[in-house]
Amino acid sequence: MIKRISKLNEALPNLLISIAGYGLIALGLGLIFAQDKKSFAIGLVIGIVCAVFMAVHMAFTIDEAVSLGSAKRAQVKSVAGSVFRYAVVFMALATTAYFNIGDLPAAFIGVFALKVAAYVQPLVSKLDLRLRRR
């Protein structure tokens with residue numbers, strides 16, 4: 001599975017690992033500080049699932065856009081992919097809020113995992129490279 005993901009985008013496995021690590025840290029802190037621990041955990045998981053979805057969908061969209069050949073078609077594909085991703089995340093967060101499934105701020109914290117993972121990805125890649133050399 002990791003080889004298949006790496007074939008799509010070599011940075012994606014480390015990005016997903018970073019999202020999972022961020023999720024575990026946020027969950028640990030949430031279980032310490034949140035008043036409604038169950039609601040926080042559910043909201044965080046919803047956000048983390050959205051972050052993973054966004055990362056994987058972005059990798060697929062970029063791969064397809066690059067293979068289109070035309071700059072104009074690639075731009076249209078990229079914009080359509082972005083709009084779709086944001087719509088899915090909006091619907092997930094709106095559903096979470098409307099049906100009170102989980103804590104909405106925790107879901108936002110989970111979605112934010114993608115941003116944090118993108119920033120720490122170079123560090124995780126260096127660490128991964130060092131571990132593979134051993």
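## Exercises: charged pairs and ring pairs

Aspartate 128 is partly exposed, with a relative accessibility of 21% (buried means under 20%, exposed over 50%, partly exposed in between, with a 1.4 Å probe and protein chains only). You're working with a predicted model, where local features need pLDDT of at least 70, side-chain atom pairs count only at pLDDT 80 or more, and totals for chains, interfaces and linings use all residues. Residues are numbered from 1 along each chain as its sequence is written, and side-chain values use heavy atoms, leaving out hydrogens and water.

**Exercise 1.** Find out which side chain meets aspartate 128 in a salt bridge.

*Solution.* 
- Start with the rule: a side-chain nitrogen of Lys or Arg has to be within 4 Å of a carboxyl oxygen of Asp or Glu.
- Arginine 132 is the partner, at 3.0 Å, N to O.

**Exercise 2.** Work out how the rings of tyrosine 98 and phenylalanine 99 are arranged.

*Solution.* 
- Rings of Phe, Tyr and Trp (its six-membered ring) pair if their centres lie within 6.5 Å; planes under 30 degrees apart are stacked, over 60 edge-to-face, and the rest tilted.
- Here the centres are 4.9 Å apart and the planes stand at 90 degrees, so you call the pair edge-to-face.
- As for accessibility, tyrosine 98 is exposed at 67%, and phenylalanine 99 is exposed at 56%.
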